[in-house]
Amino acid sequence: MKKFTKIDEQKVKQVSVNDFDGPNAKRRNLLKLGLGLGVVASVSQQTSKAADEVLPPPLIIPPSPPVLAWQEQIPEYCYRAKTTVENFYPPTQAAANIEGGECGRDPIQRFDDFYPVGDENHDYYELRVSEQPHSFNPAYPIQSIWGYDGLFPGPTIHARYGRPVMLRLYNELPEDHVGFGSPEISMHLHNMHTSSESDGFPGDYWSKSVVGPTMSAPGSFKDHCYYNVYAGFDKARETDPSSIGDPREALGTLWYHDHTLDITAANCVKGLVGSWLMFDEIDSGNENDTNPAALRLPSGDYDVPLMLVDMRFKPDGTLFFDQMSPEGFVGDMVAVNGKIKPFFNVARRKYRLRFINGGPTRYYGLSVVHKGKLQKFAYIANDGNLLEAPLMDQTRVNLAMAERGDIVIDFSAFPVGSELFLINRVRQDDTRKPDKILEINESAEILKFIVNRNPAEPDNSRILTASTPLRALPPIDLSQVRTRRKLLFGRKNGVWTINDQIFDVTKGPRFTSKKGQPEIWTLINEGGGWEHPIHIHLEEGRILKRNGKAPPLHERGRKDVYNLRPGETIEIYINFRDFPGKYVMHCHNLVHEDHAMMIRFDVKD
Ligand SMILES: [Cu+2]
């Protein structure tokens, strides 16, 4: 592997300075050129010169131009469920339909278990990934974004346990696009208990002319199968063959996003993000549910995912992203459901708000204020998982990249005409970590709630208290643990590493976990002043210890993102069940992920 030379460095600088868009290159192209992370033939063998010295300097970019605040409402497609497709022809075989134009994915696992079992038991969706015009703010020009169905963020999907979803994803992105991003895609449904072929492995990227190293053919569409059964259902079926598993394993607030090798951050900032909500008998999505098991949380138009994506705009008001920096990308504008400083008309009643940190690099401390005063709410779910009981009278939700927090907030105390603001209280000046919590009057207002009406119908959603049971935790069995793994997250010679190595998608797994055999992983941040939110695919885990102590209350449920602060150690219990195959663990600072802070692990029978 070539070394990153001084000449190369100048080339990078020149391109960055002369072309505001920065070089439209991917790490895999840079590797071919011997640029960028190509330095790391073997990190441990690097000598003399630290690669820190030769990585391209971060661009000095001016602040985003001013916006017109509170002019546009968040779009309804962000909280009204997308409807299923009626004339859907589901696959008749597990293998990819390459003759019919599908890309060369691996066969759908357990196809015969779930398909075909009758259309009335399934939901069918199509998402067409395309470039479409979009308005971030009335002060900025209408501009091209990439979106699932051409929308930023993509349409919200409501799915239900016991009803598998077959989703057909079409890639209609322009192959001769301009600007950042790259039109190959690999869609990951974050936190879903998904079989490998449908999980959006980073090497499984595809378009009609390009295909990743872990796929066999390009194509114009790809089928994803989501079984919507609770993790561990195989075990449950040993005693009841029709079981869909243990409802204590239910997932709630998920999000789907692009996961293409080396280009995830750019493609997500360009719009390839969307919300996906799971419901079951307990969290039924119906506040009028007469089933005594149902929680009756605010539902329908009162159950609203808020997807946050951090952004920066060029002086002409078009979106900018620095595709070269390996450190991260911090913007100065927060898009809430694709809008900068939008408003949201709310009724005088309770709402469930689901905050999703869509990255790429920003941390949030979210509060709601009215006339400068913090408002209290019930914190009910972390990483989309209902806690055992609500944390009452909370005033702030902290989110690392990809983390989610659900709250129930009551607007009934405010007269019509009241205005409240969602604010971000975290100050973050660089890509390393959040700096401090700001005073209310110093914090950025990112969304205005306008209480504009009395509710048309009575608010039948449940009044929560600290003793309201939400969802019990599944048991963990430490006596069954046979394997412990230590995972060190660090930076060696200027590149991100896990156990001293960078991700190489052309290689096999770094290790193999036995299906259904619980393990303990110790995640260690080697320091250097960086925070790394670590995400593990396929299964959620439980934090046993954070720095040797019990984790804070909101982290005592199931988790899929483990935010490692500098020097921290987190011990987790995890059990990979049901679906063998290839999966990844990575830093969810999307820029670190794209710069190889990732490992492949396989799950085997
Ligand atoms: Cu990181």
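A residue counts as buried if 20 or more other C-beta atoms, placed from the backbone, lie within 10 Å of its own, as exposed if 12 or fewer do, and as partly exposed in between. This is a predicted model, in which local features need pLDDT of at least 70, side-chain atom pairs count only at pLDDT 80 or more, and totals for chains, interfaces and linings use all residues. Residues are numbered from 1 along each chain as its sequence is written.

**View 1. Strand β15 within the chain.** Let's start with β15, residues 364–370, a mostly covered strand with 5 of its 7 residues buried. The chain holds 6 helices and 35 strands; these are DSSP runs numbered from the N terminus, helices being H or I of at least four residues and strands E of at least two. Of the chain's 605 residues, 51% are buried.

View 2. Strands pair here if DSSP finds at least two bridges between them. β15 runs antiparallel to β19 (residues 397–399), joined by 3 bridges; look for G365, whose bridge partner in β19 is N398. With β21 (residues 419–424), β15 forms 4 bridges, also in the antiparallel sense. There, L366 has N424 as its bridge partner.

**View 3. The hairpin of β15 and β16.** Follow β15 to β16 (residues 373–374), its antiparallel partner over 2 bridges. V369 is bridged to L374 of β16. Between the two strands of this hairpin lie 2 residues, and K371 takes a positive phi near 50°.
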